[in-house]
Amino acid sequence: MKSEFEALEEKYESDVKKLQRTCPHKRKSEWREQWWALGHSTGYIVRVCLNCNRILDKKKVMPRFRQERWRNVERTIKKKKREREERRLANAIKKRKGEEISKTS
Ligand SMILES: [Zn+2]
């Protein structure tokens, strides 16, 4: 037999479903991160109805740990590029100095 708690839960769920079916969804939330548990992203961002809480729009986003990893990759690429540029400049200066020396001698 169902406990009173279970019966209440069922009633709550069916009431929410009914509300979400009949609600005109006039006011949408901003995009927000969807969590499957507190602080744990599902990897989606959603917009929900501010009246009935139904998800109206859903988009996949890059998970935070991948965003972090990607930022590190970008940082490394930038650093390598800068180092290459510095080497190129240093070589150009060295070369010019060599040419000047050979010109004067
Ligand atoms: Zn609604």
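Student: How far apart do the C-alpha centres of domain 1 and domain 2 lie?
Tutor: They lie 52 Å apart. Keep in mind that this is a predicted model, where local features need pLDDT of at least 70, side-chain atom pairs count only at pLDDT 80 or more, and totals for chains, interfaces and linings use all residues. Residues are numbered from 1 along each chain as its sequence is written.

Student: Which residues go into each domain?
Tutor: Domain 1 takes 1-61 and domain 2 takes 64-105; the bounds come from an automatic or database domain assignment.

Student: And what's the order of elements from the N terminus on?
Tutor: The chain runs α-β-β-β-α. Helices (H or I, at least four residues) and strands (E, at least two) are DSSP runs, numbered from the N terminus.

Student: Is the chain spread out or compact?
Tutor: Spread out: its radius of gyration, taken over C-alpha atoms, is 30 Å, well over the 13 Å that the globule rule (2.2 Å times the number of residues to the power 0.38) gives for 105 residues, so the chain is more spread out than a compact globule. Along the principal axes, its C-alpha atoms fill a box of roughly 105 × 35 × 15 Å.

Student: How much of it counts as buried?
Tutor: 1% of the 105 residues. Buried takes 20 or more other C-beta atoms within 10 Å of the residue's own, exposed 12 or fewer, and partly exposed is in between, with C-beta atoms placed from the backbone.

Student: OK, new topic. How are the three strands of the sheet arranged?
Tutor: In an open sheet with order 1-2-3 and antiparallel pairing; strands pair if DSSP finds at least two bridges between them. Strand 1 (32-37) and strand 3 (55-60) are at the edges with a single partner strand each, so one side of each has no neighbour in the sheet. The twist averages 45° from one strand to the next, using lines fitted to C-alpha atoms and angles from 0 to 180 degrees between N-to-C directions.

Student: How many bridges join strand 2 and strand 3?
Tutor: Five, with strand 2 covering residues 40-48. K58 in strand 3 is the bridge partner of V46.

Student: What about I45, which strand is that in?
Tutor: Strand 2. I45 counts as partly exposed because it has 16 C-beta neighbours inside 10 Å.

Student: What does I45 touch, leaving out residues up to four places away in sequence?
Tutor: W31, R32, E33, Q34, K59 and V61, where contact puts the C-beta atoms, placed from the backbone, within 7 Å.

Terms used: Two residues are in contact if their C-beta atoms, placed from the backbone, lie within 7 Å.
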